[in-house]
Amino acid sequence: VPEIIPFLLTALLNLPLALTVRQILAIDLGTDVLPALALGTEKPEPDVMLRPPRRRSQPLIDPRLLRRAFVWLGPIETVLCYAGFAAIYVGFGYGHMIGLPAWRWLEAINPRHLPPYQVEALAKTVFFAGLVTAQIGNAFACRSETARGRRLGWLSNRFLLLAVAMELVLMGALVYVWPLPKLFSLQPVPPEYWFGLLAFAPILYSLDRIRKSLAQRLGARRTRMDEGGSRS
């Protein structure tokens, strides 16, 4: 979702493109590959044998999975990435380029002053880095459809931890190691910006944890109502 929306918004609203094709390839063929493979090594959930068996006709990719990906997790990533993207334009006094008001006081307190082309490159880099860090939260959220990370064990999937570490190293190389930034149209990110970018992972994970808790409560309530109806 956050890879498709930038092209749609650019085509429909004439906004600056937030993500280039090369950056998408760097994500899909680079940073996302190892965490995706590591999820395939996830151990069975503790209560898997207490659940009713899956129907033979039930597909692995069902409407519930599609809703979770395209209506919930994907839009959250998109909002987070565009928040960082917009903050760069507004913070450097170019909010009008994306249809936002120019908050001069933000520009006044910003210790850095960049020309428009560097601001555009930095905004794309923040979007790119935000997408990678949000995908880290997504990976941990997708370890289970219902269980929390603490119940699964935060350190139980060592392959996922290693994959996330390598993902961060690759992202750092793409942003800082010449000539990769030039090749992928990226701009070195000031160190203090990473405090906000790295927060994307726990924000996404926490929102999905809230969703799981609400879904469990609704499911338990529905079960009690069904049991009460069957007894009556």
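How many aromatic pairs does the structure hold? The structure, a predicted model, holds four aromatic pairs, where rings of Phe, Tyr and Trp (its six-membered ring) pair if their centres lie within 6.5 Å, with planes under 30 degrees apart counted as stacked, over 60 as edge-to-face and the rest as tilted. Phe85 and Phe127 form an edge-to-face pair, at 6.2 Å centre to centre and 90° between the planes. This pair links distant parts of the chain, since Phe85 lies in helix α4 and Phe127 in helix α6, 42 residues apart; helices are DSSP runs (H or I, at least four residues) numbered from the N terminus. Ring pairs also join Tyr82, Phe85, Tyr89 and Phe127 into a cluster.

Both Phe85 and Phe127 are buried, that is, under 20% relative accessible area (1.4 Å probe, protein chains only). The largest nonpolar core has 48 residues, and those with the most contacts inside it include Phe85, Phe127 and Met171; such a core is a set of buried Ala, Val, Leu, Ile, Met, Phe, Trp, Tyr and Cys residues joined through side-chain atoms within 4.5 Å. Its largest share, 14 residues, comes from α6. Not counting residues up to four places away in sequence, Met171 touches Thr31, Phe128, Ala129, Val132, Thr133 and Trp194, a contact being heavy atoms within 4.5 Å.

The protein chain averages a pLDDT (the predictor's confidence in each residue, from 0 to 100) of 87. Mean confidence is lowest in helix α5 (residues 104-109), at 67, and highest in α8, at 95.

Residues are numbered from 1 along each chain as its sequence is written, and side-chain values use heavy atoms, with hydrogens and water left out. In this predicted model, local features need pLDDT of at least 70 and side-chain atom pairs count only at pLDDT 80 or more, whereas totals for chains, interfaces and linings use all residues.

Terms used
Buried < 20%, exposed > 50% of the residue type's maximum accessible area, 1.4 Å probe, protein only. Helix = DSSP H or I, 4+ residues; strand = E, 2+ residues; numbered from the N terminus.
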